[in-house]
Amino acid sequence: MLIKKTKSLCPTCGRVLDADIVEEEGKVWLVRTCPEHGVYRGLYWSDAEMYRRFEDFECIGEGVSNPQKTGSPAGCPNNCGVCENHRSTTLLANIDLTNRCNLNCDFCFANAQACGYVYEPTFDQIVGMLSMLREEKPVPAPAVQFSGGEPTMRDDLPELIRKAKELGMSQVQVATNGIRLAQDPEYVKQLKEAGLSTVYLHFDGVSRETNSKIASDQRAIENCAAIGLGVVLVPTVIKGRNDHEVGAIVKYAAERIKVIRGVNFQPVAFTGAASEDDVRNERITIPELAERIEEQTDGVIKKDYFYPVPCVVPISELVEAYTGKPQITFTTHQHCGAATYVFVTDEGMVPINKMVDVDAFFESVEKMTAKLAKGGSLNKYMTLVEGVKDLYYSTRKAEQKNTGEFMKLIGKALIMQNFEALREFHWNALFIGTMHFMDKYNYDLCRVQRCCIHYATPDGRLIPFCTYNSGPVYREQVWKAFAEPRTEE
């Protein structure tokens, strides 16, 4: 059954093709026909019912009002960079600091060791990229992630973090394998003092079989805990390799809630020399991952508790209606990712869905936004007061005693504009999310045009994550354009 039409790529030659998203036997497939290489069916989502539930949250944004590029006459993803055709602003910007790395993971997006050259933009070039991000309109990019390669191989990383904070980035994180953080507690302290918000730690499992650097990871986490630097675990999930440990990873994080803020699972994207057998045997989709988490947490974190990223758009719209100021809006494609929160209490993990009727909560927020549109400062205040009362109704069926405390935090944020109160929420809660980045086998151009994770490049472009790392792979073009010959170290 046809669900919708889109455009995709031929996985063999990369040609842009008309494609159908279809439902067959409870699964969702991406089907296209190349005149040279024939029909290709790629698994899009393994659960059609969950696909349709997420589809209800679709929210198409306005995009960047001052894009750095003009759309190519040949159409997406040719000559890619965020242009007037792109529908989302930058929520998180990646900046590759280097392609050097002290590991050689077989599933790495960057595959840095195989390049034969060094890509390492200068300090000034990186400052230029940061400045471009802060000049983005209608809302400057609020967050940057320094990535690579392995960004801790640059000696000036603390200075770059400090500069990002000076330019107004509220969130600065580093995507790292954690090896240097494990070896050098003083270096971890330097990063925190420079303004680092979060360590985005590559962490594939809780055993040596799934994570050969588990001992190093534990030391890195301990060093971060010693100085209060938050960590997010980032497992690359590969079916048959480590998907049997996703529940154990969540439990590992919950046991270390004072330092670990979240787990962001990344189902493997086949960006290298993968065969079709690899794709068939090792592909894991968001619904399958959610099923594994439910099974392996003994039903505590249910598959139905996960919501798509744009579910929080009503909150941004409410704050914008109240303040009159443009807000960052999470208008990414509804099938790019999913997330939920659990509170870690003395009784164990308590999903937010047991504290709040999430659907009723968002409905109440949408009602408040509609009323605020009528204007008037008194009306604004009264609308929020009434709205917070309405929000309390969304907790009537709550099963947990600390629901009231959670709602007080929401009330402080909405009525008193005390958004610092929400820090308590993030401190006591564990974020559990997943982003399934695309590869040439499941490439959907609608997702590319809605991407909100962008790479900044030395030539002044913003490039969506899934064209930077897959499909046309603009990363290779950027790195080669600014490369130096590799020398032995």
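Me: Among contacts between residues at least 6 apart in sequence, how many join residues at least 24 apart?
Reply: In the protein chain, 70% of such contacts do, where contact means heavy atoms within 4.5 Å. This is a predicted model in which local features need pLDDT of at least 70 and side-chain atom pairs count only at pLDDT 80 or more, while totals for chains, interfaces and linings use all residues. Residues are numbered from 1 along each chain as its sequence is written, and side-chain values use heavy atoms, with hydrogens and water left out.

Me: How many helices and strands does the protein chain have?
Reply: The protein chain has 17 helices and 19 strands. Both are DSSP runs numbered from the N terminus, helices being H or I with at least four residues and strands E with at least two.

Me: And what share of the residues is buried?
Reply: Of the 489 residues in the protein chain, 55% are buried. Buried means under 20% relative accessible area, exposed means over 50%, and partly exposed lies in between (1.4 Å probe, protein chains only).

Me: Which residues have the most contacts inside the largest nonpolar core?
Reply: They are Ile95, Phe146, Leu233 and Phe265, in a core of 73 residues. Helix H7 (residues 246-254) supplies the largest share of this core, six residues. Apart from it lies another core, of 27 residues, which includes Leu92, Leu445, Cys451 and Tyr455. A nonpolar core is a set of buried Ala, Val, Leu, Ile, Met, Phe, Trp, Tyr and Cys residues joined through side-chain atoms within 4.5 Å.

Me: What is phenylalanine 265 in contact with?
Reply: Leaving aside neighbours within four places in sequence, phenylalanine 265 is in contact with residues including Val246, Ile249 and Val250. Leu289, Ile293 and Ile432 are also among them.

Me: Changing topic, how do H2 and H3 pack?
Reply: Helix H2 (residues 123-134) and helix H3 (residues 157-166) pack at an angle of about 25°, with their axes 10 Å apart. Axes are lines fitted to C-alpha atoms, for helices over the stretch in contact, and angles run from 0 to 180 degrees between N-to-C directions. H2 and H3 are therefore roughly parallel to each other. Angles under 35 degrees count as roughly parallel, over 145 as roughly antiparallel, 65 to 115 as roughly perpendicular and the rest as oblique.

Me: Which residues make that contact?
Reply: Phe123, Ile126, Val127 and Leu130 of H2 make it with Glu159, Leu160, Lys163 and Ala164 of H3.

Me: Where do H3 and H5 meet?
Reply: In H3, Leu157, Pro158, Ile161, Arg162 and Lys165 meet Tyr187, Gln190, Leu191 and Ala194 in H5. The axes of H3 and H5 come within 8 Å and cross at roughly 20°, and the two helices are therefore roughly parallel to each other.

Me: What about H5 and H6?
Reply: H5 and helix H6 (residues 214-227) pack at an angle of about 50°, with their axes 9 Å apart. That makes H5 oblique to H6. Pro185, Val188, Lys189 and Lys192 in H5 meet Asn223, Cys224 and Ile227 in H6.

Me: Where is serine 197 found?
Reply: Serine 197 is in the loop between helix H5 (185-194) and strand S9 (198-202).

Me: Why does serine 197 count as partly exposed?
Reply: Serine 197 counts as partly exposed because its relative accessibility is 22%. Leaving aside neighbours within four places in sequence, serine 197 is in contact with Lys165, Ser170, Gln171, Val172, Leu229 and Gly230.
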